[in-house]
Amino acid sequence: MEPQLLSPATIWAAIGAFALFGLFIAFRATRQNAGTAEDYYLGSRNFGGVVAGLSYAATTYSAFMLVVLTGLTYRGGIGALGFELIYFAGLGLLVIFAPRFWLAAKRWGFISPAEMLGARYGSAWVARAAALVGLVFLMPYCTTQMAGIGLLLSGVTGGEITLVQAVATGGLLAALWTLFAGLRSVAWTDAVQAVVMLVSALLAIGFAVAAIGGWGTFARVTLETQAERLSVPGPGLWSLGTFTALSLPWFFFAISNPQVSQRLFILRDMAAMKRMIFWVLGFGLVFTLIAVIWGFAALQLAPDLENSATATPALLISGAIPAPVAVLLILGILAAAVSTLDSIALTLGAMVARDVLKGAEPARQVLAGRAVVILVILFASLFAIDKAQIVDQLAALAAAGLMVTVPATIGAFFWRRATAVGALASILGGAALAVWMAMIQGVSVFNPVLALTVGGVCLALFVLVSLVTKPREKALDFGAALRAELDAHGVW
């Protein structure tokens, strides 16, 4: 099939209509504003399981899925499915930690995950360290979302929508939806965006497979022509080392990334939490399968691409996908990227307002958070446009860098002997090591040495330093304090 570029006017019209709909939802959200920091950052902790689950899913399953994961499938084959299923298995951590995060946040009024860690260890510096790590290592993740928007819109229009225009559009939407009413507008728009993502992806994959000849033909041709990509390790990308390097940090995503763990604070009750977990797992499994099948469909309909990251744009203009469906999927991917970007920006705003500027009045906390949202989005936009080399290096650091809070987070709930000094040593020492290895020594994100060394050193520092220091008197004992409530809810 001959490539059929999409009309920029059609795409702009669709984005405009979608933006107006999102702004209407965000405006409605402002009518429930209470003016407090808890309301702005957590929506007054009054979300049901469906909206919370769709918001969590939209934040987690970002543009990464149909841009990066599809590209990894195109390049390396079925190993991409294994990699993503490791992340999916990591969502099982929610069964253990979601009730504990929610009960702790409800009992002590925590607004950010960093604030929770600081209270547990009785140290404002632990909270500040966790907030700093989030600020540094989530920036690259924001940048990749913006770059994904640019790659997509530029690819399907043959460059008529420029990188600058695409990035500016994504940044503007993220800023407006976040600044209107904080978490309430973000969550409501996230829920709509999750539905758009899923429906558009299902429609697109249906048309792609139909163009190949149906599911039977698709399976037969894939088996005949892509046998190497259906085997392990595949045609060269996936080795045991690469698989370990990428999968290990992602397994802990549910507790290492504050933009998703903060979602556990917003639920109204335990029943809503159970529904949220159900929706997240269901959405995640379906979307993972879609992204991998999409990659194998691209191998047949858009073969021999030099850059596997362009697999999705190439498939959308291959002629197999009707223009209305292609535009809808573009909106879905745009929505996924914006959802992740605004969620990260809001969480970083909460951590700066609550953990860096401790003791500020509620109005100042909201104002500071809004300022951080704007700065984060501007930073991500400028670096995505500029394509500075440091972005590539920082992107390699993101997963390993965020993993440094994992020992302190697990210890907060399961090791009474853990200390503030141990948590600080683990978080700051691990972060410094990650920066040194990746930025100075040039260790690749595909090298398992990076993730294994950073993770091992963090764990060793946390345990050893905690053993030679004492817990602070004002430190909270989550295990003992929450045991009765956990038992009442039947939580292990």
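**Helices, cavities and salt bridges in a predicted model**

Leucine 433 is part of helix H21, which spans residues 420-440. The model described here is predicted. Leucine 433 counts as buried, because its relative accessibility is 18% and the limit for buried is under 20%. Threonine 453 is 20 residues away from leucine 433 along the chain, and the two C-alpha atoms are separated by 8.6 Å.

The whole structure holds two cavities of 30 Å³ or more. The largest cavity has a volume of about 140 Å³. Its lining comprises 15 residues, of which Pro113, Leu117, Ser256, Pro258 and Thr405 are the closest to the centre. Four helices each supply at least two residues of this lining: H7 (113-121), H8 (124-156), H13 (253-256) and H14 (258-261). Helix H7 gives the most to the lining of the largest cavity, with four residues. By class, the lining of the largest cavity has nine nonpolar residues, six polar residues and no charged ones.

Helices H10 and H17 (323-356) each contribute at least two residues to the lining of the second largest cavity. The most come from H17, which gives four. Seven of the lining residues of the second largest cavity are nonpolar and three are polar, with no charged residues.

Among the 14 residues of its lining, Val406, Pro407, Ile410, Gly455 and Leu459 are the closest to the centre. Helices H20 (406-414) and H22 (448-468) are the elements that give two or more residues to the lining of this pocket. Twelve nonpolar and two polar residues make up the lining of the second largest pocket, and no charged residue takes part.

On the surface, a nonpolar patch is formed by Val195, Val199, Leu203 and Phe207. Together these residues have about 310 Å² of accessible area. Valine 195 belongs to helix H10, residues 183-212. Valine 195 has a relative accessible area of 44%, so this residue is partly exposed.

Charged pairs complete the picture. Seven salt bridges are found in the whole structure. In one of them, glutamate 115 and arginine 354 meet through their side chains, at 2.8 Å from N to O. Glutamate 115 lies in helix H7 and arginine 354 in helix H17, so this pair ties together parts that are 239 residues apart in sequence. Glutamate 115 is buried, with a relative accessible area of 13%. Arginine 354 is buried as well, at 17%.

Another salt bridge joins arginine 45 and glutamate 38, whose closest N and O atoms are 2.5 Å apart. Arginine 45 is buried, with a relative accessible area of 12%, whereas glutamate 38 is partly exposed, at 32%.

A further salt bridge links aspartate 487 with arginine 483, with the closest N and O atoms 3.0 Å apart. Both residues lie in helix H23, residues 478-488. Aspartate 487 and arginine 483 are four residues apart, about one turn of the helix. Arginine 483 counts as partly exposed, because its relative accessibility is 31%.

Technical notes
Residues numbered from 1 in each chain as written. Predicted model: local features only at pLDDT ≥ 70, side-chain atom pairs only at ≥ 80, totals over all residues. Heavy atoms only, no water. Patch = residues over 30% accessible without salt bridge, like charges linked within 9 Å, V, L, I, M, F, W, Y side chains within 5 Å. Areas by Shrake-Rupley, 256 points an atom, 1.4 Å probe, with all protein chains shown as cover. Salt bridge = Lys/Arg side-chain N within 4 Å of Asp/Glu carboxyl O. Buried < 20%, exposed > 50% of the residue type's maximum accessible area, 1.4 Å probe, protein only. 1 Å grid on protein atoms, 1.4 Å probe; cavity = no way out; pocket = protein on both sides within 12 Å on 5 of 7 lines; lining within 4 Å. Points joined across faces, edges and corners; volume = space filled by probe spheres on them. Nonpolar A, V, L, I, M, F, W, Y, C, P; charged D, E, K, R; others polar.
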